[in-house]
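Visitor: I would like to learn how to read salt bridges in a model. Please show me the structure, and we can go from there.
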Amino acid sequence: MNTWTCRNLIALISFLVISLPISAQEIIPLWPDGAPFHEGENHKEQPTLTAYLPDQENASNTAIIILPGGGYSHLAMDHEGIQVAAMLNELGITAFILRYRRGEDYPHPVPLTDAQRAIRLVRAQADSWNLESRKIGILGFSAGGHLASTTGTHFDFGNPDSKVKVERASSRPDFMILIYPVISMIEEFTHSGSRNNLLGADPDPELVERLSSEKQITPETPPTFLVHSSNDEAVPVENSIHFYMGLRNAGVPAEMHIYEEGPHGFGLAPDNPLLSSWPELLETWLRHGGMLN
């Protein structure tokens, strides 16, 4: 049995196990005292984090918050959420799936506010999961990749004067993993559905600029791992290329893997021996960066 067949089998077994109501799964409300931007009868969805914990014998002190894609209209919770959490658990990583708010009732800045809160919460409570507060990463697919990239380019280091522990924590992810991400809101190569759901049909040009992550990179942007396919017909590969070049020009450590062929939304791609190589490439990158024991 080759390496990739073995890894895919492990991921499948983990997925089947983790889908059961096991005690390692914990659902955490992001805003137990009431979420911001949550007024009115139409605002009924409560954002949550779902924790998936690795076996203690295999556990590292690293956590990754997963942002499934879905064009800011829905969430691909299976192949870009639960299955990915199982894969990360196999690496000893504690995984959290963020059910962030989205859609016409929750335009910008609501999704970003939820993502920032998720990072603060995991960091503030790191000790309770045996995590290192400086090893909190974020992983986003497609529109979730856009949200991850905006989280990595729009952050603060917490409010030291706050009486609330979570608010004293930094919202900066320590690293980013962006899989076929939407990066730009500029019409030339954005994903129009994600842009319309996040910013509306006729957004202010200044807002478009601010939410185009390739234009917001600084030397403080977190190290980034990127995956895309050249013939992605939904989210052009230029999104990842422009972001990578911006990171490189800013001196931010970055690694990018562009596959010659691959459909948008392939997730772990268990049936494709080439595309399914990215989790092992990611593992190597994480180990090289000191994010895995």
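Visitor: Is Arg117 buried or exposed?

Guide: Buried means under 20% relative accessible area, exposed over 50%, and partly exposed in between (1.4 Å probe, protein chains only). Arg117 has a relative accessible area of 11%, so Arg117 is buried. Note that this is a predicted model: local features need pLDDT of at least 70, side-chain atom pairs count only at pLDDT 80 or more, and totals for chains, interfaces and linings use all residues. Residues are numbered from 1 along each chain as its sequence is written, and side-chain values use heavy atoms, with hydrogens and water left out.

Visitor: With which residue does Arg117 form a salt bridge?

Guide: A salt bridge is a side-chain nitrogen of Lys or Arg within 4 Å of a carboxyl oxygen of Asp or Glu. Arg117 pairs with Glu167, and their closest N and O atoms are 2.7 Å apart. Arg117 sits in helix H3 and Glu167 in helix H5 (residues 165–168), 50 residues apart. Helices (H or I, at least four residues) and strands (E, at least two) are DSSP runs, numbered from the N terminus. Glu167 is partly exposed, at 26% relative accessibility.

Visitor: How many salt bridges does the structure hold?

Guide: The count is 6. Among them is Arg101 with Asp114, at 2.7 Å from N to O. Arg101 lies in the loop between strand S4 (94–99) and helix H3 (110–124), and Asp114 in helix H3, so the pair ties together parts 13 residues apart in sequence. Arg101 is buried at 0%. Asp114 is buried at 0% too.
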